Amino acid sequence: MNLNPVDYQNLLKNLLPQGAAWNKETDSVLSALLLGIADECARLNSRTMALVEEVDPRTTSELLEDWERVCGLPDNCMGELAETTELRRLDVVAKLNATGGATV
């Protein structure tokens, strides 16, 4: 679930103690500070959700080169590196799912 900075700001405000020293009004300095912290929380959440896509070789884009390196692609059996990202993903998945014991 992706939360926006205002959602995080509200969560942070709810963690603060009760009392007059903690001005939780929208235009307060404390709210501005919490919004700055909330921006980073939202950014980290977004990157974390993107990482979920990257750990699956069928949906990866940023880590495709790493997947290819781990799989030893391109190799002599599969030939040259595919031209499109989708074909490269398919090559990685094929390599990960390959069975057999053929050796040089």
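Visitor: Why is R89 called buried?

Guide: The relative accessible area of R89 is 15%. Buried means under 20%, exposed over 50%, and partly exposed in between, with a 1.4 Å probe and protein chains only; R89 is therefore buried. The model is a predicted one, in which local features need pLDDT of at least 70, side-chain atom pairs count only at pLDDT 80 or more, and totals for chains, interfaces and linings use all residues. Residues are numbered from 1 along each chain as its sequence is written, and side-chain values use heavy atoms, with hydrogens and water left out.

Visitor: Which residues are in contact with R89, leaving aside its neighbours within four places in sequence?

Guide: They are P57, R58, T59, T60, S61 and L64, where contact means heavy atoms within 4.5 Å.

Visitor: What makes the pairing of the R89 and E86 side chains a polar contact?

Guide: The distance is 2.9 Å. A polar contact is a pair of N or O atoms within 3.5 Å; within protein, one must be able to donate a hydrogen and the other to accept it, and residues adjacent in sequence count only if both atoms are side-chain atoms. The pair therefore qualifies.

Visitor: How do you know that the buried residues of α1 line one face of the helix?

Guide: Helix α1 (residues 5–15) has Y8, Q9 and K13 as its buried residues. Seen down the axis, they fall within an arc of 140°, so they line one face; the arc is that of the directions from the helix axis to the C-beta atoms. Helices (H or I, at least four residues) are DSSP runs, numbered from the N terminus. On the other side of α1, N14 and L15 are exposed.

Technical notes
Helices (H or I, at least four residues) and strands (E, at least two) are DSSP runs, numbered from the N terminus.
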